[in-house]
Amino acid sequence: MKLGDGVEQAIHCVTMLSRLSEGGVLSAAALAEFHGVSTSYLLKHMQALSGAGLVDTVPGPKGGYRLAKTPEEITLLDIVLAVEGPAPAFRCAEIRQRGPNPLPGRYFAKPCGINAAMLKAEKAYRAELAKVSIADILADLEVTDDGGIAARGCAFLEIHERKTAR
């Protein structure tokens, strides 16, 4: 299974937004700059996060994005589903029923075993992502960071965070 680059970008952006002060927002351009990615590509994913109710969009010249929920309430699964959509990664097209010399429908009364196995794996994958919140990611980072990562983020926020009324 391969997730699009947007998933990684969205998770990092949500993590960055979780570090904003009360009433603070970051523009998509600032988020893109910090992560070294395309602003136009990132905007698409930020809109998906907004549509899923994970981030709020603040309009205007001092606008930007901020979390709509607490880091404890946002899971990796929430972000993946917002960016990639709810459809399963594997989509059975029933190719077993195609080709020369097709068999009668009675051979296909049971669901395809391949599809069943893939859906079972997806269910396990989603269950694991649902167990991990952004707060968990931040807690793990605090344990492993020697201070360099936090300092880089704080310095960037000091310059780019915009203050708005909440």
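Is E128 buried, exposed or partly exposed? E128 is partly exposed, with a relative accessible area of 45%; buried means under 20%, exposed over 50%, and partly exposed in between (1.4 Å probe, protein chains only). The model is predicted: local features need pLDDT of at least 70, side-chain atom pairs count only at pLDDT 80 or more, and totals for chains, interfaces and linings use all residues. Residues are numbered from 1 along each chain as its sequence is written, and side-chain values use heavy atoms, with hydrogens and water left out.

**View 1. Salt bridge between E128 and K131.** The two side chains meet at 2.9 Å, N to O. A salt bridge is a side-chain nitrogen of Lys or Arg within 4 Å of a carboxyl oxygen of Asp or Glu. By this rule there are 5 salt bridges. K131 is exposed, at 58% relative accessibility.

**View 2. Salt bridge between R126 and E122.** Here the N to O distance is 3.0 Å. Both residues belong to helix α5 (residues 113-130). They sit 4 residues apart, about one turn of the helix. Helices (H or I, at least four residues) are DSSP runs, numbered from the N terminus. E122 is buried, at 8% relative accessible area.

**View 3. Salt bridge between K163 and E161.** N and O lie 3.5 Å apart. K163 is exposed, at 52% relative accessibility. E161 is buried, with a relative accessible area of 16%.

**View 4. The buried residues of helix α4.** Helix α4 spans residues 76-84. Its buried residues are L76, L77, I79, V80, A82 and V83. They pack against α1 (5-17), α3 (39-51), α5 and α6 (134-144). G85 follows α4, and its phi is positive, near 90°.

**View 5. The crossing of α1 and α2.** The axes of α1 and α2 (residues 28-35) come within 11 Å and cross at roughly 110°. Axes are lines fitted to C-alpha atoms, for helices over the stretch in contact, and angles run from 0 to 180 degrees between N-to-C directions. The two helices are therefore roughly perpendicular, a term for angles of 65 to 115 degrees. On the α1 side, the contact (heavy atoms within 4.5 Å) is made by H12, C13, M16 and L17. L31, F34 and H35 contribute from α2. By class, the contact has 5 nonpolar, 2 polar and no charged residues. Ala, Val, Leu, Ile, Met, Phe, Trp, Tyr, Cys and Pro count as nonpolar, Asp, Glu, Lys and Arg as charged, and the others, Gly among them, as polar.

Technical notes
Parallel < 35°, antiparallel > 145°, perpendicular 65-115°, else oblique.
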